[in-house]
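Hi,

Here is the structure I promised to pass on. Have a look at it first, and then read my notes below.

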Amino acid sequence: MTDLERLALLPAGLRDVLPPDAAHEAAVVERLIGHLARRGYDRVKTPLIEFEDGLLSGAGAAVTHDTFRLMDPISQRMMGLRADITPQIARVALTRLAGAARPLRLSYAGEVLRVKGSQLRPERALPQVGAELVGAEGPSADAEIVVMAAEALRDAGIAGLTIDVTLPTFVPALCAGLGLGPEERVPLRRALDLKDSAAVAAAGGPAAAILAGLIRATGPAERTLAALGALALPSEAVVERERLAAVVARIRAAAPWLGLTIDPVENRGFEYHTGVAFAIFAAGVRGELGSGGRYIASFGAGGGEPATGVTLYVDTIFALLPAPAAPRRVYVPDGTGADQAAALRGAGWVTVAGLGPVADSRAEARRLGCSHTLIDGAPAPVAPNSRGRAHG
Amino acid sequence: MEVAPAANEPLIMALPKGRILGEALPLLARAGLVPEPAFADEDARQLRFATNIAHLTLIRVRSFDVATFVAFGAAQLGIAGNDVLMEFNYAELYAPLDLGIGRCRLAVAEPEAMVKDDDPSRWSHVRVATKYPEITRRHFAARGVQAECVKLNGALELAPSLGLCGRIVDLVSSGATLRANGLVEVERIAEVSSRLVVNRTALKTRPAEIAGWIERLRAAVDGA
């Protein structure tokens with residue numbers, strides 16, 4: 001390995017995004033956030049880094065172990081690099097926008113940084129787009145977020161979308177209703193995470209039969225709701241079941257085209273949620289395209305506000321979308337009038353200016369990856385370079 | 001039970017080579033899944049095998065790799081022991097069904113000579129040879145014991161007698177291999193059996209089809 005190669009090596013999970021991917025990714029971000037903005041979600045921008053105690057309070061506690069930290073030499077306090085933007089939006093909503101009318105609709109786009117990647121997502125820097133609906137309770141709010149996220153993805157060009165609706169509060173309510181203590185819930189939680197029916201039967205105690213029923217009920221929404229309806233549940237869990245049914249009915253009505261499954265025992269990745277949550281999948285795509293759900297937006301010691309939101313994983317989404325057609329690029333030889341180049345740009349051309357005289361403008365155009373060169377005041381096509389432009 | 005046909009989308013099931021395969025095939029047959037004859041030939045160089053179901057392909061990989069293939073979505077279904085699942089702890093896997101085959105246990109063993117003056121409750125640091133460094137570390141850490149793991153891929157029973165380590169953590173079925181090498185089982189970590197494993201995304205995006213296979217296999221297990 002030469003010294004240059006060694007210096008070019010980036011830390012694990014980080015990478016440079018090259019042309020044309022960088023522009024494509026930015027276009028996807030704009031498209032998604034544009035969709036959110038058109039539904040009244042106003043964009044906010046929060047810093048990449050802030051004090052740790054604020055960043056990790058409330059819902060931020062879920063990413064404590066994912067957060068890079070460093071010392072602020074000015075205040076001598078510990079700072080964290082955001083591993084999730086949702087807690088920052090909660091902070092903004094509860095502090096600077098505390099007086100703004102509720103429900104408060106906010107959107108954001110930005111990168112988050114994680115200490116380590118996951119198995120399916122080894123990247124440590126992730127571009128995200130998201131929306132939060134703060135100060136609203138009830139199934140209409142839950143459904144608004146799900147439907148908006150699905151439509152944003154559909155409009156961006158993703159086919160075969162499926163939403164997996166989960167209810168992280170259901171199993172705790174069920175356990176409480178059946179008198180299972182926190183000690184008994186730990187092995188049960190692990191067994192449920194794996195949908196391991198044998199281990200659930202062993203660890204479930206009085207809940208074993210119902211939980212086995214829940215695991216088997218996981219699947220297409222209507223089938224799951226019917227199966228849930230047939231189970232004899234304690235009253236605590238019945239309330240949760242009804243919440244779920246109301247949200248699912250609203251999603252169905254607003255987006256009949258959307259694939260909908262229900263997983264009443266899913267908990268992984270939804271630890272801080274306090275109501276209906278969801279993950280977004282697409283046919284044939286490994287991993288999630290986004291996720292979200294209901295939580296308490298809180299900050300510091302003060303009480304919180306009910307909120308729901310969604311985060312879209314831009315890196316996965318962008319990899320699914322075909323690259324837009326490359327714009328026509330014309331080489332504008334040195335000495336061409338400025339208005340002529342401006343007119344070309346006005347007509348949709350990308351202009352690449354020559355910085356000095358060249359012998360063969362066609363060859364120079366080819367060398368610079370242009371499809372055309374300016375000859376006698378008009379763009380003339382050049383034969384493509386045999387190597388083509390470098391595409392990441 | 002009818003399995004809803006996917007829109008021509010291929011379905012891949014990963015099966016582990018060796019021990020478990022012989023028990024898995026009759027079970028799969030009862031569920032209505034029969035591979036092409038070459039599958040039973042352990043010497044075949046082929047890695048993918050057609051079945052009586054047009055869009056379903058079997059692959060034969062090492063038992064530890066079954067979990068990896070399924071977790072990453074390269075296969076949608078698989079059969080893996082819960083020893084493998086415990087070792088990797090993949091968040092992208094579900095294990096909805098205990099197939100009740102490949103039964104054995106994961107245990108700590110040590111040389112007979114060591115057993116007589118050994119008090120496991122007083123261990124503070126152990127050196128252990130194992131195929132399962134994660135499970136081993138977790139198991140000992142839960143008891144407050146520091147475990148230094150030496151990862152081996154086979155012939156673990158040799159390690160204590162050659163001074164590589166004091167103890168081993170390995171699968172034990174009859175205990176005959178341990179006895180033949182002068183080792184004694186001193187602690188049981190987990191009961192092991194093979195599970196049907198399912199890729200998380202596959203279950204979400206092809207729910208009727210995947211659930212259909214789970215039910216088919218459940219019926220085959222219950223009917224055994």
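How many salt bridges does the rule find across the interface of chain B and chain A? It finds six, where a salt bridge is a side-chain nitrogen of Lys or Arg within 4 Å of a carboxyl oxygen of Asp or Glu. The idea behind it is simple: side chains of opposite charge can pair when their charged atoms come close.

Before I go on, some ground rules. This is a predicted model, where local features need pLDDT of at least 70, side-chain atom pairs count only at pLDDT 80 or more, and totals for chains, interfaces and linings use all residues. Residues are numbered from 1 along each chain as its sequence is written, chains are lettered from A and ligands numbered from 1 in the order in which they are written, and side-chain values use heavy atoms, with hydrogens and water left out.

**Where the chains meet**

Chain B puts 26 residues into the contact and chain A puts in 29; contact means heavy atoms within 4.5 Å. The area buried between the two chains is about 2,200 Å², and carbon and sulfur atoms give 51% of that. Buried area here is the accessible area (1.4 Å probe) that two parts lose on being put together, summed over both. On the chain B side, B:Phe72, B:Arg200 and B:Lys204 lose the most area to chain A, together 26% of what that side buries.

There are also 13 residue pairs in polar contact between chain B and chain A, both residues being at pLDDT 80 or more. A polar contact is a pair of N or O atoms within 3.5 Å; within protein, one must be able to donate a hydrogen and the other to accept it, and residues adjacent in sequence count only if both atoms are side-chain atoms. Helix H3 (82-88), strand S5 (93-98), helix H8 (200-205) and helix H9 (207-222) of chain B each supply at least two residues of the side that touches chain A. Helices (H or I, at least four residues) and strands (E, at least two) are DSSP runs, numbered from the N terminus. The largest share of that side, six residues, comes from S5(B).

A:Glu288 lies in the loop between S10 and strand S11 (290-297) of chain A and B:Arg200 in helix H8 of chain B, so the pair joins two chains. Both A:Glu288 and B:Arg200 are buried; buried means under 20% relative accessible area, exposed over 50%, and partly exposed in between (1.4 Å probe, protein chains only). Another salt bridge pairs A:Arg216 with B:Glu215, at 2.9 Å between the closest N and O atoms. A:Asp164, A:Lys195, A:Asp263 and B:Lys204 are linked in a network of salt bridges.

Inside chain B, the side chains of B:Arg206 and B:Glu9 meet in a salt bridge (3.6 Å, N to O). B:Arg206 sits in the loop between H8 and H9 and B:Glu9 in the segment before S1, so the pair ties together parts that are 197 residues apart in sequence. B:Arg206 is buried, with a relative accessible area of 8%, whereas B:Glu9 counts as partly exposed at 30%.

B:Arg195 and B:Asp98 form a salt bridge too, with the closest N and O atoms 3.7 Å apart. This one links strand S11 and strand S5 of chain B, 97 residues apart, and both residues are buried.

**A helix in chain B**

Now look at helix H2 (residues 63-71) of chain B, where B:Val66, B:Ala67, B:Val70 and B:Ala71 are buried. Seen down the axis of H2(B), its buried residues fall within an arc of 120° (taken from the directions from the helix axis to the C-beta atoms), so they line one face of the helix. Just after H2(B), B:Gly73 takes a positive phi of about 80°.

**Chain A as a whole**

Chain A has 14 helices and 16 strands. Of its 392 residues, 47% are buried. One of its residues to look at is A:His273, in the loop between strand S9 (259-263) and strand S10 (277-282); at 9% relative accessibility, A:His273 counts as buried.
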